[in-house]
Structures are given as C-alpha cells and as structure tokens.
There are 2 protein chains.
Amino acid sequence: MSNLGADASPRDSGPVVGPNGLEVPARTLPTPSTVSVQMQKMIAAPLRPSWRQRPRNVEEWKSFVDAAAAVAVARIPGLCERLGVRFEPMTLDGVRGFRVTPNTVTTENRDRCLLHLHGGCYVLNPGEAGLSEAILMAGFGRFTVISIDYRMPPEAYFPCALDDAATAWKALSRTTDPRKLGVFGTSAGGALTLSLVLRAKRDGLPIPAAIASGTPMSDVTKTGDTFHTNEFVDGVLVSREGFCDAATLFYANGHDLADPWLSPVYGDLSGFPPTILTTGTRDLLLSNTVRVHRKLRQAGVEASLHVYEAQSHAQYLFDETAPETAEAFGEIASFFDRHLAG
Amino acid sequence: MSNLGADASPRDSGPVVGPNGLEVPARTLPTPSTVSVQMQKMIAAPLRPSWRQRPRNVEEWKSFVDAAAAVAVARIPGLCERLGVRFEPMTLDGVRGFRVTPNTVTTENRDRCLLHLHGGCYVLNPGEAGLSEAILMAGFGRFTVISIDYRMPPEAYFPCALDDAATAWKALSRTTDPRKLGVFGTSAGGALTLSLVLRAKRDGLPIPAAIASGTPMSDVTKTGDTFHTNEFVDGVLVSREGFCDAATLFYANGHDLADPWLSPVYGDLSGFPPTILTTGTRDLLLSNTVRVHRKLRQAGVEASLHVYEAQSHAQYLFDETAPETAEAFGEIASFFDRHLAG
C-alpha cells in the first residue's frame with residue numbers, strides 16, 4: 001500500500017506526536033453555519049478583551065470588578081422588561097439576595113422555587129450584576145428564583161461563597177419543602193451548585209430535588225483535556241492561564257485548589273439529586289462538564305448532558321434573543337419540572 | 001484599566017479573529033491524566049497512519065480494505081474468548097449477517113435482540129471484520145445481537161447499505177416483537193442506525209424500541225464546527241479531508257451528500273424512539289453527534305448524550321480492557337434495558 005502515500009493527501013503537513021504530546025498546527029476556524037445568526041455574531045466577535053488580565057492587588061481587582069459590574073447592571077432593566085420579570089432585594093438568614101419573579105407563574109410552579117448561584121470566577125457580578133441568569137430562568141422557565149449575592153473578595157475569601165450558599169439553602173429549605181426546590185448556576189455558580197450538595201451531605205441538610213450545573217468550574221487545578229484542546233478556541237475564557245484562573249487564586253487565598261469545595265469533580269458525588277449539565281463544543285470547560293457527568297453516572301445518579309454546537313464558555317447566557325438561549329433554558333426548566341414536586 | 005494590559009499576561013501571543021475566522025496558534029496537547037492508562041496509551045500513540053490515504057481506483061480500494069480487514073479479523077477470536085461470546089453466519093431475507101450470542105443471556109434479555117450496523121466509512125469491515133462492536137455489546141450487555149454484513153463498494157453503492165439494513169430490519173421485526181428490538185452502530189453504523197429509522201418511517205415499518213447511535217457520520221457534507229476545531233486533534237479520523245471522506249464519496253457514487261439517507265441530521269427526526277448518543281471531546285464528529293442530539297430534543301424525542309473525556313472518534317471500541325469501553329457499553333446496555341420490553 002506504499003503507493004497510497006503522502007502524494008494522495010490533500011494536506012501538506014499534518015500533526016505529529018512529539019515528546020510532549022500531540023503537536024497541532026495553527027488553524028483558522030471559520031464561523032460555523034450550524035448555529036443561529038445571534039450565535040454566529042458572538043463567535044465572529046473579537047475575543048473577550050479582558051481574558052488576559054490578571055490584576056495584581058486589591059485596588060486593581062476592585063477597579064476591574066466595578067467596571068464589569070457597571071456594564072452588567074446596565075443590562076438588567078431591559079432584560080427584565082423583555083422577559084417579563086421583576087426582582088427585589090431580600091435576605092435569607094442574613095445572606096444577601098434577590099427574589100426574582102416572573103410576571104406570570106405557572107400553576108405547577110406556584111409553590112416551587114429555585115436557588116440561583118451566579119457565575120463570575122468568584123470575584124465578578126456583585127449585587128444586581130449577578131442577576132442575568134436568574135432573570136433568564138424566571139423568564140423562560142416561569143419559576144420564582146432566589147439569587148444569592150454571596151460574599152466575594154476582598155470582602156471575604158474561600159469558603160465565603162459556599163458558606164453563604166449553605167446558609168441560604170438551610171433557611172430556604174426550612175420554609176419550603178425541599179422536594180419543591182432546585183439549585184442552579186453557571187461557571188463558578190455551576191461549581192457552587194455542586195459544592196453546595198457536597199456541603200448539604202456533610203452537614204445533614206436536605207438535598208434539593210434537582211440541580212442544574214452549567215459549564216461548572218469543577219476542576220480549578222486546570223486538569224482536563226479541553227483546557228488544552230479548546231485553549232484559544234474558546235472566545236470567552238480563551239486560556240487556562242487567563243483572568244478566571246487569576247480570579248480563582250484570589251478567591252482561594254492559598255487554599256488547596258483540589259479541595260472538593262473548590263473542585264467538586266474530586267468530591268463523592270453519590271447521593272446527588274438528578275442533575276442537568278450544559279456546555280458547548282468550544283467551551284474551555286467542556287472536560288470539566290463531561291467529567292462531572294461521568295462521575296455522576298458512575299455514582300448511579302440520573303444526569304443529563306447537553307452540549308451546544310460551537311458555543312464557548314457560558315454563551316447560552318449572553319443573548320436572550322438567541323434561539324439557543326431559549327433552548328438551553330427550556331431544557332433546564334423542563335428538567336426541573338420533571339423532578340420537582342408540584 | 002489600561003494598567004492591566006498585555007504585560008500582565010502569561011502568553012506572548014494569543015488568537016485573533018481574522019477575515020476568515022478565528023486564527024488559532026499551533027499548540028502541543030499533552031496526554032491527559034484524566035483517562036485510564038489504556039486510553040492514555042491510545043491518545044499518546046501515533047495518529048492512525050492511514051488517515052491521509054485516498055485510494056484512486058477500485059483496485060486500490062480493494063487492496064486497502066482487504067489489508068484492514070485482515071487485521072480486524074485477526075482480533076475477533078481473542079475478543080470472543082475474553083468476552084464469552086460466540087457467533088455464526090446467518091441471513092435475514094437474503095441479507096448476510098451473523099448471530100452473535102453471549103455465553104449467558106440474562107433472563108430479561110432472553111427474548112430481546114439488537115440489530116447491529118457496523119462502522120467503517122461505508123467501505124471497511126466486510127464479513128467478520130465488522131463484528132467487534134457486536135461482540136462488545138453481546139459481551140458487556142449480555143444481549144443477543146444480529147450484525148448485518150451489508151453490501152459495500154465495489155459490490156454495490158448507495159443506498160445498498162441502507163437497503164440491506166431495511167430488509168434485515170423488516171425480516172427481524174416480523175419474527176420478533178419490535179418492542180423487544182433495538183438497533184445500534186458507530187460511525188457509518190451510527191448514521192445507518194438513524195437512517196434506518198427514517199426509512200422505517202417512510203416505508204411504514206415498525207420503529208425499534210430504542211436505538212444507540214455512536215459518533216454518527218450524520219453530516220457527510222463536512223458541515224459542523226468540530227470538523228474544524230478537532231481537525232488534527234482527533235487521532236483516528238484526523239481531518240475532514242482524510243480517508244473517511246474519500247470512502248464516503250466512493251460509496252455515495254455521485255449521490256447528493258445532503259440526502260438524509262446519507263446525512264441523517266437533515267432528516268425529520270420526529271417520532272424517533274429513545275436514542276442514546278456516544279462521542280468524545282476530541283472526536284472530529286463531536287458536532288455531528290451533538291447536532292443530532294439537539295435535533296432529537298427539538299423534536300421532543302428522549303435522547304441521552306454521553307461525551308467521554310479526550311476520546312477521538314470511536315475509541316470506546318478499540319480496547320476491551322479500557323474501563324471507558326465497559327462504561328460506554330454499560331450505559332448503552334442500561335439504556336436498552338430501560339426501553340426494551342422484557
């Protein structure tokens with residue numbers, strides 16, 4: 001078969017396996033035709049300019065977080081208006097939060113409630129800036145949502161976010177039948193959703209009826225194959241050495257990154273409630289997501305994985321007019337509807 | 001925030017969005033620690049040497065197919081021995097096949113049967129060479145399997161494989177209650193599994209109780225984002241311009257590649273039975289798989305997606321001692337068990 005050699009190949013060069021692994025040549029990735037025009041626009045946009053930033057002191061962190069929050073907060077009133085959702089501040093046993101309510105709640109959802117833990121690498125999205133995902137869920141899913149405004153650096157450090165989530169969960173599950181409660185979040189919020197169940201198991205708290213973990217930061221040791229294969233392919237996180245890594249180190253404050261409360265993929269996932277997981281094929285955290293899926297399945301947990309074509313990290317949150325956003329929240333809402341008591 | 005600029009970045013260069021898309025720099029992908037040692041060995045191995053080969057005439061095709069078949073056939077007796085499986089040739093209404101039987105069939109599976117459609121880009125794996133996946137399913141799942149040795153070029157061309165699958169399905173569903181029947185296959189076999197349901201719908205044949213489509217060649221027009229993002233990352237198919245593309249063109253014999261019988265992602269997937277889909281994060285056909293998953297979900301079909309860490313195309317078939325192989329077949333067998341009548 002030597003006559004079927006390199007001259008039959010359409011490519012001049014291909015990858016080789018070198019001493020450090022598979023050497024992949026430079027490539028140009030066209031914007032795919034297999035997603036909506038809104039998603040195409042996101043994919044064709046310049047990479048998130050902040051991905052390289054690694055603030056070096058508290059003042060630089062504060063300046064970065066404030067600027068990002070101002071942009072996020074400005075988006076909230078229009079989002080509420082377009083999705084028919086309102087919100088008001090509240091506290092749960094002293095933990096700050098917001099009650100996010102759709103203008104019309106379905107009959108089945110009248111006594112149900114979802115606890116929301118926002119994303120942002122444990123440093124971004126304080127206050128109202130953390131509400132967009134909660135508003136999307138309330139709007140698309142017609143659920144009442146309580147979104148926790150957990151403490152973040154420099155106000156407090158690990159495990160403050162998990163402590164606040166646990167306090168809020170304990171308070172909420174005292175006043176509402178936990179069979180009618182779910183928990184959800186994306187990125188850091190997706191990891192906190194998983195860690196909260198680990199914490200509830202340890203502390204003997206009720207377990208939620210179902211959880212939704214979106215592209216979770218389930219392994220902040222940066223272990224997992226797509227930290228490499230999707231580096232420079234994911235347009236949001238871009239690199240495992242980028243902003244989100246710096247932010248996690250700021251939050252962890254010297255704590256062991258492999259602790260399951262920071263990297264829940266290393267926790268004991270037995271006894272977890274039904275779990276829906278969401279990610280995309282370009283997501284830097286695709287491995288983080290599928291590894292949790294496999295560990296849940298190995299533990300005998302009902303777990304439903306949804307991987308969206310060509311999406312980078314958490315892009316199902318970015319444009320409420322994209323059909324993929326309605327689709328992702330439709331899947332999650334339907335999953336909660338199947339698993340929460342009415 | 002201009003003081004948080006490039007000097008804070010750990011990278012000298014990063015990707016940019018150029019006129020043709022996202023320009024991704026060359027990278028070296030280390031062998032991941034997040035998979036079994038067997039899978040690590042597969043990932044660290046040289047790329048499949050034949051990926052570039054595009055035979056140019058019938059003699060070259062025959063020589064290539066025969067050589068590959070000899071290697072595959074040599075593996076069969078040991079595989080049967082280790083998994084406790086035996087097989088014998090049979091025909092179904094004139095279509096060639098094999099009955100593959102585990103030494104012990106579970107009570108629930110006594111009257112059940114799975115129809116198997118092998119992979120190999122519509123040209124590879126004639127005769128016993130196509131049996132390995134059927135043996136894995138019989139061994140790990142304790143199901144009786146009938147594996148179809150469908151016609152391939154140069155004996156016949158499109159739609160010969162689908163014709164044979166449909167003839168065999170019609171015959172099998174006459175003698176066995178279709179509620180006790182499933183259909184499965186990987187790659188070309190994964191696409192044939194989907195196309196067979198499209199064909200059954202058109203012809204008014206019974207619909208199987210459940211199907212398992214592994215990393216299906218669901219879009220042979222080479223549309224889909226991971227044809228680009230996983231090019232040179234997938235160690236099995238390697239490139240969308242490789243062997244499998246040439247083989248598909250040989251089989252299609254001039255037929256429109258977007259025909260749903262060749263690219264079932266373009267078919268009407270409503271009324272499909274519960275479907276389990278399997279792929280890996282490095283798979284060139286990851287998009288082919290998740291796009292089918294999304295289309296099934298949009299059509300209201302129960303569809304369960306399983307994406308394995310760091311696996312290239314169909315690697316869950318390659319080493320029966322890898323725990324990922326047992327895991328993948330365990331998931332599929334359990335899915336059939338839930339959906340097939342006893």
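Residues are numbered from 1 along each chain as its sequence is written, while chains are lettered from A and ligands numbered from 1 in the order in which they are written. In this predicted model, local features need pLDDT of at least 70 and side-chain atom pairs count only at pLDDT 80 or more, whereas totals for chains, interfaces and linings use all residues.

Chain A contains nine helices and eleven strands, where helices (H or I, at least four residues) and strands (E, at least two) are DSSP runs numbered from the N terminus. Its C-alpha atoms fill a box of roughly 75 × 45 × 40 Å along the principal axes. For 342 residues a compact globule would have a radius of gyration near 20 Å, and the 20 Å of chain A agrees with this; the radius is taken over C-alpha atoms, and the globule rule is 2.2 Å times the number of residues to the power 0.38. Of the 342 residues in chain A, 56% are buried, a residue being buried if 20 or more other C-beta atoms lie within 10 Å of its own, exposed if 12 or fewer, and partly exposed in between, with C-beta atoms placed from the backbone.

Strand 9 (residues 210–214) of chain A has five of its five residues buried, so it is largely enclosed by the rest of the structure. In a regular strand the side chains alternate between the two faces of the sheet. Here A:Ala210, A:Ala212 and A:Gly214 are buried on one side, and A:Ile211 and A:Ser213 on the other. Strand 8 (residues 181–186) of chain A pairs with strand 9 of chain A in the parallel sense over five bridges; two strands pair if DSSP finds at least two bridges between them. Within this pairing, A:Phe184 has A:Ala212 as its bridge partner. On strand 10 (residues 275–280) of chain A, which runs parallel to strand 9 of chain A and is joined to it by four bridges, A:Leu277 is the bridge partner of A:Ser213.

In chain B, six of the six residues of strand 10 (residues 275–280) are buried, so this strand is largely enclosed by the rest of the structure. Strand 10 of chain B pairs in the parallel sense with strand 11 (residues 303–308) of chain B over six bridges, and B:Leu277 has B:Leu305 as its bridge partner. Together with helix 8 (residues 286–298) of chain B, these two strands make a right-handed β-α-β unit.

The contact between the chains takes 64 residues from chain B and 64 residues from chain A, two residues being in contact if their C-beta atoms, placed from the backbone, lie within 7 Å. Helix 8 of chain B gives the most to the side of chain B that touches chain A, with six residues.

Definitions and conventions:
Right-handed = clockwise from strand over helix to strand, strands pointing away.
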